[in-house]
Amino acid sequence: MSEQGRSFTGAKGWGLGLLLVLIMANLSALIDSVEHPEIPYFNTEHMLVGGITALVTAFFYLLLMKYVANLKKKEQQIQLLNEELEAKIVERTRQLRDAQEELVRKEKLFIIGELSSSVGHELRNPLGVMSNAVFFLKTVHAEADTTTKEYLEIIQQEINTSLRIITDLLDFAQIRPPQQQLVNVAELVRQSLGRCTLPGNVAVSVALPAALPTLHVDPTQMEQVLVNCITNAVQAMPEGGTLRVAAESRSTDGANNFVEIAITDSGEGIAPENIGNLFQPLFSTRINGLGLGLVVCKNLVEANGGTIKAESEPGKGATFTVLLPLEKDKR
Amino acid sequence: MREKLKILAVDDDQPMLRTICDILRIKGYECLPVDSGEKAVQAVHLEEFDCVLMDIKMAGIDGVTTLMLIKAVTPDTPVVLMSANARPEQIAAAKRYGAVTILTKPIDFPQVLSFLTGLRKEESGEE
């Protein structure tokens, strides 16, 4: 219909219409002349009949053209409405799908949280017994041979790794409200570094300006965040490299109201497609990672009024930057 | 002054109880293991202890309630609580009833021993 409609409109349509009018105007005169050769072709009757026929034909042709034009306009409107409707359906379907995915994700996380809390709690006890047993053996057999000592150390390291996973699970399941207090940045960085195992092949560089303002955060929670970021950085450099921890004042609205702590490694870096997922629950680039450590970090930092972000260039290491709020009257 | 500090260890987990007492003994402390809050309260009625090291989550009366009952009998005895994952309300109650601290399991033994060394010094200083 639309193709036909289009063929009857425009210059072509008008030309065809004019041709039709001329043909109709002359057709009856021609027939009459053939049937009655004695009557001249151009006479008053022929002219009158031809003229009336042409006018009637032109009138109906114009009506037809108007009808076709209307049809085309309506068709365009319907097409437009259809496109809008289709876009709305696509948008609503996307919203529904997102809402459903979010619901499933929340339900999944709730179950994980419940399970984590229970399993984590129950596992800490046997790990505690193992840890005590290792401590006892190390004390009693202080003069043991090197291999025995190494094996005891291996057991202790594995216990510590398991505890770290359990702590992530428990922290993920329940984040306690932050108990904010005044915290010295240098002290926070020093204590966090002190809690991490730093291999000999990792050079540590700390850049802290002499006069950094005091933070207003929960020191235990922020130490946990920094320890997590530093541990990740170290694990990103299995062949060794440089770990840099730097801090400086930052302003977000003209005033220096935040301190930025950046932890940078010189490892392989993070693939661009993974950067956006780093703070998503259950996403991990490590084989033995649960994918909760950075989620816990994000939750803890945000609970303290800060933000955390990751930047990386493949092959050039990664930087995790934590922005933390200052003591209120120093903002 | 007693030759050795006497510690009351309370935990319903037998391997945990045994390892805690074994470590304390080899470090020169006397340790009495009991596996419930009820037995701990009975023990402080019968004997004097220099310190109580006690789990929070136990069958029967829990560590926080036991702490309250122990403090009613012997208010000056330091009580150190241990927990795999203490709830905020338990931490608040433990502080209210006078616990020295709440250690997260696995307990950091050097920290415990350092605390006990401090106690030992206090004891000898008093003498």
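**Reading accessibility, contacts and an interface**

Analyst: Arg25(B) counts as partly exposed because its relative accessibility is 40%. Buried means under 20% relative accessible area, exposed over 50%, and partly exposed in between (1.4 Å probe, protein chains only). This is a predicted model in which local features need pLDDT of at least 70, side-chain atom pairs count only at pLDDT 80 or more, and totals for chains, interfaces and linings use all residues. Residues are numbered from 1 along each chain as its sequence is written, chains are lettered from A and ligands numbered from 1 in the order in which they are written, and side-chain values use heavy atoms, with hydrogens and water left out.

User: Where is the place of Arg25(B), and with which residues is Arg25(B) in contact, leaving aside its neighbours within four places in sequence?

Analyst: Helices (H or I, at least four residues) and strands (E, at least two) are DSSP runs, numbered from the N terminus. Arg25(B) is in helix 1 (residues 14-26) of chain B. Contact means heavy atoms within 4.5 Å. Leaving aside neighbours within four places in sequence, Arg25(B) is in contact with Cys31(B) and Pro33(B). The C-alpha atoms of Arg25(B) and Ile7(B) are separated by 9.7 Å, and these residues are 18 apart along the chain.

User: How many helices and strands are there in chain B, and in what order do the elements of chain B run?

Analyst: Chain B has 5 helices and 5 strands. Read from the N terminus on, its elements run β-α-β-α-β-α-β-α-β-α. Chain B has 127 residues, of which 50% count as buried. Among contacts in chain B with a separation of 6 or more, 63% are between residues 24 or more positions apart. For surface, accessible areas come from the Shrake-Rupley method with a 1.4 Å probe, and for residues only the protein chains shown count as cover. Chain B exposes about 6,100 Å², and carbon and sulfur atoms supply 51% of this area.

User: What covers the buried residues of helix 8 of chain A?

Analyst: In helix 8 (residues 293-303) of chain A, the buried residues include Gly293(A), Leu294(A), Val295(A) and Cys297(A). The cover includes helix 4, helix 6 (219-235), strand 6 (307-312) and strand 7 (318-325) of chain A. Cys297(A) counts as buried because its relative accessibility is 2%. Leaving aside neighbours within four places in sequence, Cys297(A) is in contact with Val225(A), Asn228(A) and Ile308(A). The C-alpha atoms of Cys297(A) and Ile308(A) are separated by 8.0 Å. Just after helix 8 of chain A, Gly305(A) takes a positive phi of about 85°.

User: Is Thr319(A) buried or exposed, and with which side chain does the side chain of Thr319(A) make a polar contact?

Analyst: Thr319(A), in strand 7 of chain A, is buried because its relative accessible area is 18%. A polar contact is a pair of N or O atoms within 3.5 Å; within protein, one must be able to donate a hydrogen and the other to accept it, and residues adjacent in sequence count only if both atoms are side-chain atoms. The side chain of Thr319(A) makes a polar contact with the side chain of Thr264(A) (3.0 Å).
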